[in-house]
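Take a look, and then we'll go over what the labels rest on.

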Amino acid sequence: MFDPGKGKTPRGYLWLYIAAQGAERAIVLYDCQTGRSGQYARDVLEGWRVTLVVDGDAGYQALFSKRPGG
């Protein structure tokens with residue numbers, strides 16, 4: 001991530017979404033964000049009906065909650 005004028009280089013995170021093998025379409029989506037919060041993935045996946053596979057990072061827990069934000 002580049003943010004001129006701040007005097008430092010902030011961290012950026014690249015989220016990657018890939019359609020599973022055997023899916024009807026081959027889809028790869030790269031999403032650059034400023035954080036690791038599961039809310040980023042929730043926003044991208046809103047409205048999709050998918051099977052989701054993630055690692056054990058605590059930021060993903062927001063994806064499995066029925067209540068927004070937690």
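This is a predicted model: local features need pLDDT of at least 70, side-chain atom pairs count only at pLDDT 80 or more; totals for chains, interfaces and linings use all residues.

**Questions about the labels**

Q: What makes up the chain, in terms of helices and strands?
A: One helix and two strands, running β-β-α from the N terminus. Here helices (H or I, at least four residues) and strands (E, at least two) are DSSP runs, numbered from the N terminus.

Q: Why is Arg11 called exposed?
A: Exposed means over 50% relative accessible area, buried under 20%, and partly exposed in between (1.4 Å probe, protein chains only). Arg11 comes in at 64%, so exposed is the word. You'll find Arg11 in the segment before β1, with its C-alpha 7.8 Å from that of Gly35, 24 residues apart along the chain.

Q: And why does Val50 count as partly exposed?
A: Val50, in the segment after α1, has 47% relative accessibility, so it gets the in-between label.

Q: Which residues of α1 are buried?
A: In α1 (residues 38-45), Gly38, Ala41, Arg42 and Leu45 are buried.

Q: How do you know that they sit on the same side of α1?
A: They cover an arc of only 105 degrees around the axis, so they share a side. That arc is taken from the directions from the helix axis to the C-beta atoms. As a rule, an α-helix has 3.6 residues a turn, so residues three or four places apart point the same way.

Q: What covers the buried residues of α1?
A: The cover includes β1 (13-18).

Q: What makes up the largest nonpolar core?
A: Six residues: Trp15, Tyr17, Ala41, Leu45, Tyr60 and Leu63. A nonpolar core is a set of buried Ala, Val, Leu, Ile, Met, Phe, Trp, Tyr and Cys residues joined through side-chain atoms within 4.5 Å. β1 and α1 are the elements giving two or more residues to this core.

Q: What is Leu45 in contact with, leaving aside neighbours within four places in sequence?
A: Tyr17 and Leu52, where contact means heavy atoms within 4.5 Å.

Conventions:
Residues are numbered from 1 along each chain as its sequence is written. Side-chain values use heavy atoms; hydrogens and water are left out.
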